[in-house]
Amino acid sequence: MLSVNNLSIAYQTTQVLNEFDLSLATGDIFALTGDSGSGKSSALRFIAGLDEVQSGQVILDGKQLSSSGIHKIAPELREIGMVFQDYALFPHMNVQKNIAFGIHHLSNSEQKVRVEELLLMIGLEGFEKKYPHQLSGGEQQRVALARALAPSPKLLLLDEPFSSLDKNLQKQLVLQVRDIVKKTNVTSILVTHDKHEATIFADKVGVIENSQLTIS
Amino acid sequence: MEKNCLKSKIWTSVLALLVAMPIFVVALSWLFPERELWVHFSTVLLPSLISATVVLLIGVGLGVTLLGTILAYLVVMVEFPGRRWLEWALFLPFAIPAYVLAFVYLGVFDYSGYAQVWMREVLGLPGFDIRTGSWAVILTFVLVFYPYVYMMARASFKRQKINIIEAGQLLGASPLRVFFKISLPMARPAAAAGLLVTLMETLADFGVVSLFNFDTFTTAIYSAWGDFRSIEIAAQLASLLVLVAFLLIYFEKKARGQAKYYSNDVANKKPYRALGAAGWLISLFVFGVFMLSFAMPMLQLIIWGWTSVGEEWSVKYVDLIISTSVLTTSAALITVGIATILALPSRCKRSSPWIKGVISMATLGYALPGSIMTVGLLYGVNQVSAISVYFGGQSINHIIFGSIALLLFAYVSRFMAIGYSSIKASAEQIKPMFTQNAHLLGASRLRLILKIYLPMMTPGILAGGLLVAVDVMKELPATYLLRPFGWDTLAVQVYELSAEGLFERAAVPALIMVLLGAVLMLILQLLDKKSSKNF
């Protein structure tokens, strides 16, 4: 279970987010929308531990990750998975190595089994040896999802993962990714500027307007 | 299109082969074998010299790779106290010629140097000979040459996308794992390019190894020429060096593979912040390297220079500075001009193995010791004269020997690689799509060059020119042997004084040189900052 309390973000003199509170139960799928510059991506990056903010507190499964806007726990120790807008696949590693990156503590055979299982789930069986530049945008996006899910994170963050795909593919993938997320029962937050996409994907949708969050 | 390619092929080939001429002359020397001398060299001298050279190359290679990449990673990826000014301060050792650092370290740590006297008399440690073994000479080379790897690795780290590193962090990778598994493999081609330059510089060095009495392959070349008066053997040995350079370039190309990214993503935000003790420890380490490679030697030079400036300074220094500046500027301009023509993007170049071949030959001079370049040139001119006389013409020796043209030729040939690689790197940033677009808009080749290629290559051209200028100013052997009467340079003055052990007095010209070099490096830094803002 995740709770974010009293999160405030300001860029120089402009207050973008004011006393943002959010609480999600395990398995909840939440979508956060708002105009660009509304601070939705910043909120996500703060939860992940990538940026520090004015003030705010993050607690995940009873563990305090950040308080007063300062990180107490480094991103690598948070057990949070993230899919970036540009996927951020490692260009010098093949699909197998990309997905296995976060589970290197497992034995080689266990890693292989896990990678196969994930590839099956995202419908890319047999893609182990391909490199990111050999994949289409949609395929890269699914590999990025598999990589984020491989270590079984406690929380999955998706930062505009569908925005660089074409419309048809977008619709198809939103549903597919939603199914995968449901199946793994991982608590998830999707950040998107597309309200329609948010409604299809999530159980709960939050909108940031005038630096306030309203949840519907 | 075919016709254009032929023209481009001829132009490029003539220029490139002209630059590569000394190498061919050196290779031609195999037509005149000297069997008896070869037996002597291959049984007595070469085995130990080759193993010493290999030890030196491995030591220096490991040292610069480790130091250069670690420093580059720290200044690009980690926020620590003092990072901003250390990031550019680490370039400063470029301004110190290797033989200057060598004579400073010798002066301080030699048996009678004050550091060792202090260690013996105050600490009671046993005395040691800094010239024994290879560690001191390796250390000196590492401190002088790490900036090559640092410079290239830093540029490469800066192009890495922050998202990629954050993805690694969120997948649970520690900073060390991110370094070894993500950042380092992506920066490997760049680090390898820096390593290649370092190894070639080390192979071609004469000043440092002779000051440390460390005999290498280059020593054999000098010995063949100086002791046995055999230009042929010297040239034959030098051609082996060219072969090694060929191999090094081949392996570097192979290591580089297809790893080429068109990415302008600059890591403006540091993924790591080292707070508290860790941050200060990193500062201390980086600062320590800066102290050892630049600040302390400089301080020593200033102390020596201060005590001897009254005795050493005279009007002749005005002449020394003028001739150094004239030679440096003209050599840099010519080199950059030719390198730009060779590096201009074109379809013909991309598709022709012949053009690629002649261009890589033109850049091989970097592995050739300056004096061998000289041998090649003198030998070549002599042969041309002989042919001319044979056909009833005149010898050109009296026009060419002792003229500034020959010296400039040697500089251009020797430092083409430096100018070319910098300009080529900026040419590679020009995406094919720009060219295609310009063609679609009806631009001629000339317009394409003037309006698109040259403006986009300007940062690389300026950087290449500055790097060549710094190297020309520091160049010693070719300058020493080929300078026309009355064209003494600062480098020659440093060498003549330090070879006699007059370290205090040698500090005066050395300081002027380092100062001029530092100004050039500073300009390079400013350009770098400006261009990283533009793109």
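User: In which hand does α7(B) pass α9(B) in their crossing?

Analyst: First off, this is a predicted model. Two packed helices are described by the angle between their axes and the distance between the axes. Here the axes of α7(B), residues 135-159, and α9(B) come within 8 Å and cross at roughly 150°. As for the hand of the crossing of α7(B) with α9(B), it's right-handed.

User: Which element gives the largest share of the side of chain B that touches chain A?

Analyst: The contact between the chains draws 16 residues from chain B and 17 residues from chain A. On the chain B side, the elements that give two or more residues are α8 (162-170) and α9 (175-204). By class, that side splits into nine nonpolar, five polar and two charged residues. The largest share, seven residues, is from α8(B).

User: Which residue in the turn between β1(A) and β2(A) has a positive phi?

Analyst: Strand β1(A), residues 2-11, pairs with strand β2(A), residues 14-24, in the antiparallel sense over seven bridges. Within that pairing, I9(A) sits opposite L17(A) of β2(A). The two strands make a hairpin with two residues between them, and the turn residue with a phi of about 45° is Q12(A).

User: And which residue of β4(A) stands opposite N5(A)?

Analyst: β1(A) is also joined to β4(A), residues 55-60, by five bridges, and these two strands run antiparallel. Look across from N5(A) into β4(A) and you land on Q57(A).

User: Why does the radius of gyration of chain A agree with a compact globule?

Analyst: Chain A has six helices and 11 strands, and its C-alpha trace spans about 50 × 40 × 30 Å along the principal axes. For 216 residues, a compact globule would have a radius of gyration near 17 Å, so chain A agrees, with its own value of 17 Å.

User: What percentage of the contacts in chain A with a separation of 6 or more is accounted for by residues 24 or more positions apart?

Analyst: On burial, 41% of the 216 residues in chain A count as buried. As for contacts with a separation of 6 or more, the share from residues 24 or more positions apart is 66%.

How values were computed. Residues numbered from 1 in each chain as written. Chains lettered and ligands numbered in written order. Predicted model: local features only at pLDDT ≥ 70, side-chain atom pairs only at ≥ 80, totals over all residues. Contact = placed C-beta atoms within 7 Å. Helix = DSSP H or I, 4+ residues; strand = E, 2+ residues; numbered from the N terminus. Nonpolar A, V, L, I, M, F, W, Y, C, P; charged D, E, K, R; others polar. Rg over C-alpha atoms; globule rule 2.2 N^0.38 Å. Buried ≥ 20, exposed ≤ 12 C-beta atoms within 10 Å, placed from the backbone. Pairing = 2+ DSSP bridges. Axes fitted to C-alpha atoms, helices over the stretch in contact; angles between N-to-C directions. Left-handed = near helix turned anticlockwise from the far one by under 90°.
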